Number of protein chains: 2
Amino acid sequence: MHNAVEAIDFAELVRKAGLRPTRQRLSLARQLFLNGDRHVTAEQLHSESLGQGFGVSLATVYNTLHQFTTAGLLRELVVDAGRSYFDTNVSAHHHLYFEDSGELRDVPGDNVTIGDLPALPDGAEISRVDIIIRVKNGDGTS
Amino acid sequence: MHNAVEAIDFAELVRKAGLRPTRQRLSLARQLFLNGDRHVTAEQLHSESLGQGFGVSLATVYNTLHQFTTAGLLRELVVDAGRSYFDTNVSAHHHLYFEDSGELRDVPGDNVTIGDLPALPDGAEISRVDIIIRVKNGDGTS
DNA sequence: TAGTTTATTAGAATGATTCTAATTTAACTT
DNA sequence: AAGTTAAATTAGAATCATTCTAATAAACTA
Ligand SMILES: [Mn+2]
Ligand SMILES: [Mn+2]
Ligand SMILES: [Zn+2]
Ligand SMILES: [Zn+2]
């Protein structure tokens, strides 16, 4: 788990993912992992970058998010048709989705249990289980 | 529950949804509900219609699917970014998603139990819980 | 440093979905 | 049944997140 107490070596993080530690990837990694758990869209991360005076193309933001996801640093979530969120928390957990605000919040993984599943076809295996609890009429503010 | 044993009065079904029983809506309702549970995309339903010699515009397919969903006749599912499925089974159940083939299959609702949920903000309520079990390396064939 | 591979980027392309505005149809009223 | 009105259908344009292309730039290796 990443946290702000011990410094993170972003260059090492990126290299371990099999990627070159470019200026863009290091900045994006910092934005994503420096302050703990986040759920962001590509557009959000992009405009956040620009707001911090760090120019990066939207294409690179998409490329980087997918590369980090493939490397296991991020998890991709689909809550709305036509928009992907990327989650910096890759451990087992599920989500509360506030339909009004679009906010995603974590639910500890042990709050949900899955019983018997139907038999899977030969060779098939579960790649992941996504559980999204959709909430309406709430603003997502604690 | 709709089934093929007792005939369904589609005109009544559509009227009860507060909609005029047009030729288009009656045909689409027949395709959706005549032969039991289905998980379809708008594009699938549209080309299926054309294949049956029944011309309907894609706009009307989208309109009808959303109207049926609002009326509680269908449930919209998001499994992939950028593509919505519509489920004719609106009772409590969850889904097995075959990532390779794109097939969706039902999982009985009582195979999954959700324990304690985090407290929700005032006024918030759960609109629904979506559980998608993603399967890879399976062709979806029984 | 020179050569090689990988990454970044602007802008075009894609594809599902939505929108617009014109035409057609269903339902209702004489 | 004909006329009237509200609702529905439609072709095509528009949207918008995402992906692609192909040219430039930066990172690594020898
Ligand atoms: Mn993706
Ligand atoms: Mn929709
Ligand atoms: Zn999360
Ligand atoms: Zn289903």
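In the predicted model, DNA strand D is surrounded by 21 residues, a residue being counted as near a strand if one of its heavy atoms lies within 4 Å of it; the closest are A:Y62, A:H66, A:S84, B:T22 and B:R25. Of the atoms of DNA strand D that come within 4 Å of the protein, 81% belong to sugar and phosphate. By class, the surface near DNA strand D comprises seven nonpolar, nine polar and five charged residues, where Ala, Val, Leu, Ile, Met, Phe, Trp, Tyr, Cys and Pro count as nonpolar, Asp, Glu, Lys and Arg as charged, and the others, Gly among them, as polar. At least two residues of this surface are supplied by each of α4 (58-70) and β3 (83-87) of chain A and α2 (23-33) and α4 (58-70) of chain B, helices (H or I, at least four residues) and strands (E, at least two) being DSSP runs numbered from the N terminus. The most is given by α4(A), with four residues.

Individual atom pairs can be described for both chains.

Between the protein chains, 38 residues of chain B are in contact (heavy atoms within 4.5 Å) with 38 residues of chain A. The two chains bury about 3100 Å² between them, 57% of it on carbon and sulfur atoms, buried area being the accessible area (1.4 Å probe) lost on putting two parts together, summed over both. Two salt bridges (a side-chain nitrogen of Lys or Arg within 4 Å of a carboxyl oxygen of Asp or Glu) are counted between chain B and chain A; B:D130 forms a salt bridge with A:R134, with the closest N and O atoms 2.7 Å apart. The elements giving two or more residues to the side of chain B that touches chain A are β2 (75-80), β4 (93-98), β6 (112-114) and β7 (125-136) of chain B, and β7(B) gives the most, with twelve residues. This side of chain B divides into 19 nonpolar, ten polar and nine charged residues. Strand β7 (residues 125-136) of chain A pairs with β7(B) in the antiparallel sense over eleven bridges, pairing requiring at least two DSSP bridges between strands, and A:V135 stands opposite B:I126 in β7(B).

Residues are numbered from 1 along each chain as its sequence is written, while chains are lettered from A and ligands numbered from 1 in the order in which they are written. Local features need pLDDT of at least 70 and side-chain atom pairs count only at pLDDT 80 or more, whereas totals for chains, interfaces and linings use all residues, and side-chain values use heavy atoms, with hydrogens and water left out.
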